[in-house]
Amino acid sequence: MHSEVVASRSAESRTGGGSSPAIDTVSLAIIEQLQEDGRRPYAAIGKAVGLSEAAVRQRVQKLLDQGVMQIVAVTDPLTVGFRRQAMVGINVEGDVEQVADAVTAMAECEYVVMTAGSFDLMVEIVCEDDDHLLDVINKRIRTLPGVRSTESFVYLKLKKQTYMWGTR
């Protein structure tokens with residue numbers, strides 16, 4: 001298990017639909033330092049970006065409070081008992097937001113995005129085994145009002161998963 005920073009901007013700001021918090025170059029440098037090592041001491045970050053330890057601590061807290069980033073432990077699902085992962089495309093009739101909200105509330109659904117294209121929603125599901133995945137898709141997602149169809153893409157092997165896109 002290792003720590004990484006997941007830099008995340010609000011869904012509105014990623015699509016241009018809202019305003020995002022102003023982030024200066026020093027805060028961006030702090031984010032990059034934490035993406036390299038989420039446990040890097042504030043004193044070391046301060047040295048790298050030209051601030052005191054206290055100033056870094058204050059900026060990090062502000063970035064967390066604004067929802068600009070999260071500091072989380074990222075695990076390999078296989079090593080913690082989740083042997084089945086899948087991406088599920090969902091087609092919706094009616095209000096996509098309602099279905100997205102219902103799917104988002106499911107603990108197994110780790111990633112939910114509204115899309116344009118072949119599917120209205122793309123959902124990453126992490127489960128203990130095939131029976132668990134079948135239960136989530138068949139008994140919980142497909143039974144939601146508005147779900148027209150689903151298509152599942154079961155992961156055979158995860159080749160790359162990073163959160164290191166930086167602040168570009």
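On helix α4, the exposed residues A54, Q58, K62 and D65 sit on the face turned away from its buried side; exposed means over 50% relative accessible area, buried under 20%, and partly exposed in between, with a 1.4 Å probe and protein chains only. Please keep in mind that this is a predicted model, in which local features need pLDDT of at least 70 and side-chain atom pairs count only at pLDDT 80 or more, while totals for chains, interfaces and linings use all residues. Residues are numbered from 1 along each chain as its sequence is written, and side-chain values use heavy atoms, with hydrogens and water left out. Helices (H or I, at least four residues) and strands (E, at least two) are DSSP runs, numbered from the N terminus.

**Helix α4**

- With 13 residues (53–65), α4 reaches 18 Å from its first C-alpha to its last, close to the 18 Å expected at 1.5 Å a residue; that expected span is 1.5 Å times one less than the number of residues.
- V56, V60 and L63 are the buried residues of α4.
- Viewed down the axis of α4, these buried residues fall within an arc of 60°, so they line one face of the helix; the arc is taken from the directions from the helix axis to the C-beta atoms.
- As a reminder, an α-helix has 3.6 residues a turn, so residues three or four places apart point the same way.
- The cover over the buried residues of α4 includes α2 (25–36), α3 (42–49) and β2 (69–74).
- After α4 comes G67, with a positive phi near 80°.

**The sheet**

- Four strands form an open sheet in the order β4-β5-β3-β6, with antiparallel pairing; two strands pair if DSSP finds at least two bridges between them.
- β4 and β6 (147–154) stand at the edges with a single partner strand each, so one side of each has no neighbour in the sheet.
- Antiparallel β4 and β5 (121–127) are joined by 5 bridges, and Y111 has E124 in β5 as its bridge partner.
- Helix α6 (130–141) packs on the sheet, touching β3, β4, β5 and β6; contact means heavy atoms within 4.5 Å.

**Around E108**

- E108 lies in the loop between α5 (96–104) and β4 (109–114).
- This residue, E108, is buried, with a relative accessible area of 13%.
- Leaving out residues up to four places away in sequence, E108 touches E124, I125, V126, C127, H132, V136 and R140.
- E108 and V136 are 28 residues apart along the chain, and their C-alpha atoms are separated by 7.8 Å.

Notes
Axes fitted to C-alpha atoms, helices over the stretch in contact; angles between N-to-C directions.
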